[in-house]
Amino acid sequence: VRTITPCASSLFPQADWLIGNHSDELTPWLPVIAARSSPSCRFFLLPCCAYEFDGSKYQRENSSCSLYSDYMSYVLSICEVCGFMTSVDRLRIPSTKRICFIGYERRYDADRAEKTGRTIQEFIDSRGSKNKVKNGLTSPEGYWSEFKPREDKEVVRNCTQLDKSLLEDIVSLVSRILLNKYRNISVASIDGEERMWNAGGCLMLNEVAQALPREKLKHLKKQCSGLQTLLKNHHWVFKVEKGTVQLRIPRRKSDITGTVCRTKPCWFHENHPDGCLLPDDDCAYQHC
C-alpha cells in the first residue's frame, strides 16, 4: 500500500493492467498513468465520485444531463486523448455507479508516443491545473499537475472534534440571537393554565454568522460547512433547513422511537429562559 502522486516516479512499466475501482481523485489520472507507464500497459476504470486532475470536484459542463453522465463523457474523452481504444461497459454489480472503461489497445504507434505525451499534458493544463508544464512531459520536479493526495489519516472535519467549551459557547450565542427575535407561542402549563413560550425567530445562516464573534468563527473555517454542520450536530436544539436556522420545538417521547434520548439532558430545560415547554414525564429528554 502506498500513496500515488501523478508524476514521473509513479509509473508502472512492468504492469499489464492498472485497475481503478472507485478510484475517486485518481480517476482522471488512471488513463494518463497507463499511457505513460509503457506501450503495453492497459487499464480498467470504474469511476465513482467526480474529480478533476488537480483533485478538485468536477464541475458539470452539460446541464442537459446528470453530473454522473456528464462525468462519464469527460472520462471517456480523457481515455481518447491518452490514445486508447476504449470499451465502455455496464457492470452487473449492486451499485448505481457501474459504468466502466477498458483501455485495451493504443491508437498510435510507438514512434508517436512523445507527441501523444505532449497532447496529454496540454489537455491536463487546459483543465485548470496551476502547475503548468513547459516543453515536455513533466515539470522540473517531475510532477504533472498541482494534485496532492489525501493524508494517510483522514482529518475529521465535521465539528465533532472541536473543543467542547467552544461548541457550548457557539450554541449558547446562536440560541440567544434567535431568542432575541421574539416569537411567543401559547402552551399549557402543568396546572392547566396557559403560558407564553419564546420560540425565537428564524434567520438565514449567514445572518447568524455575521452576528457571531470572529474569534469563534475562525475555529470553524477548516470544518466542512462550518457553522451549518455544528448546528445540525445539535439537532435537538436547532432546526436547520434551506439555509435557515431556528430553535426546534421540544419533542415529546412519543415523537421519538427508542429510549436513548431519555439519557440526554433537555437543553431547553437547562438553558431556555422559559424552560422546557413540556412536562418532565412528557419530554423526550431528561429534566434533571
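**Salt bridges, helix packing and burial in the predicted model**

In this predicted model, a salt bridge joins E52 and R127, with 2.6 Å between the closest N and O atoms. E52 is located in the loop between strand 2 and helix 2, and R127 in the loop between helix 3 and helix 4 (164-179), so the pair ties together parts that are 75 residues apart in sequence. The two partners were assigned to separate burial classes: E52 counts as buried because its relative accessibility is 7%, under the limit of 20%, while R127, at 22% relative accessibility, counts as partly exposed.

The count of salt bridges comes to six. Among them is a contact between the side chains of R118 and E114, with an N to O distance of 3.2 Å. Both R118 and E114 belong to helix 3, where they are four residues apart, about one turn of the helix. R118 has a relative accessibility of 38% and counts as partly exposed. E114 has a relative accessibility of 54%, so this residue counts as exposed, the limit being over 50%.

A further salt bridge was found between K239 and E241, whose closest N and O atoms are 3.9 Å apart; this distance falls within the 4 Å cut-off. K239 is partly exposed at 32% relative accessibility, and E241 is partly exposed at 39%. Through shared partners, salt bridges also join E52, E61 and R127 into one network.

Helix packing was examined next. Helix 2 (residues 67-81) packs with helix 3 (residues 113-126) at an angle of about 150°, and the axes of the two helices are 9 Å apart. That angle makes helix 2 roughly antiparallel to helix 3, because angles over 145 degrees are placed in this class. On the side of helix 2, the residues that meet helix 3 are Y74, S77, I78 and V81. Their counterparts in helix 3 are T116, T119, I120 and F123.

Helix 1 (residues 30-37) has eight of its eight residues buried, so this helix is largely enclosed by the rest of the structure. The buried residues are L30, P31, V32, I33, A34, A35, R36 and S37. Their packing partners include helix 2 and helix 3. The buried residues of helix 1 also pack against strand 1, strand 2 (42-46), strand 3 (84-90) and strand 4 (99-106).

W17 is placed in strand 1 (residues 17-21). The relative accessible area of W17 is 37%, which means that this residue is partly exposed; the value is also over the 30% required of residues in a patch.

Beyond helix 8 (267-271), L277 lies in the segment that follows this helix. L277 has a relative accessible area of 11% and is therefore buried. L277 and C41 are separated by 236 residues in sequence, and the distance between their C-alpha atoms is 68 Å.

Methods:
Residues are numbered from 1 along each chain as its sequence is written. This is a predicted model: local features need pLDDT of at least 70, side-chain atom pairs count only at pLDDT 80 or more; totals for chains, interfaces and linings use all residues. Side-chain values use heavy atoms; hydrogens and water are left out. Buried means under 20% relative accessible area, exposed over 50%, partly exposed in between (1.4 Å probe, protein chains only). Axes are lines fitted to C-alpha atoms, for helices over the stretch in contact, and angles run from 0 to 180 degrees between N-to-C directions. Angles under 35 degrees count as roughly parallel, over 145 as roughly antiparallel, 65 to 115 as roughly perpendicular and the rest as oblique. Contact means heavy atoms within 4.5 Å.
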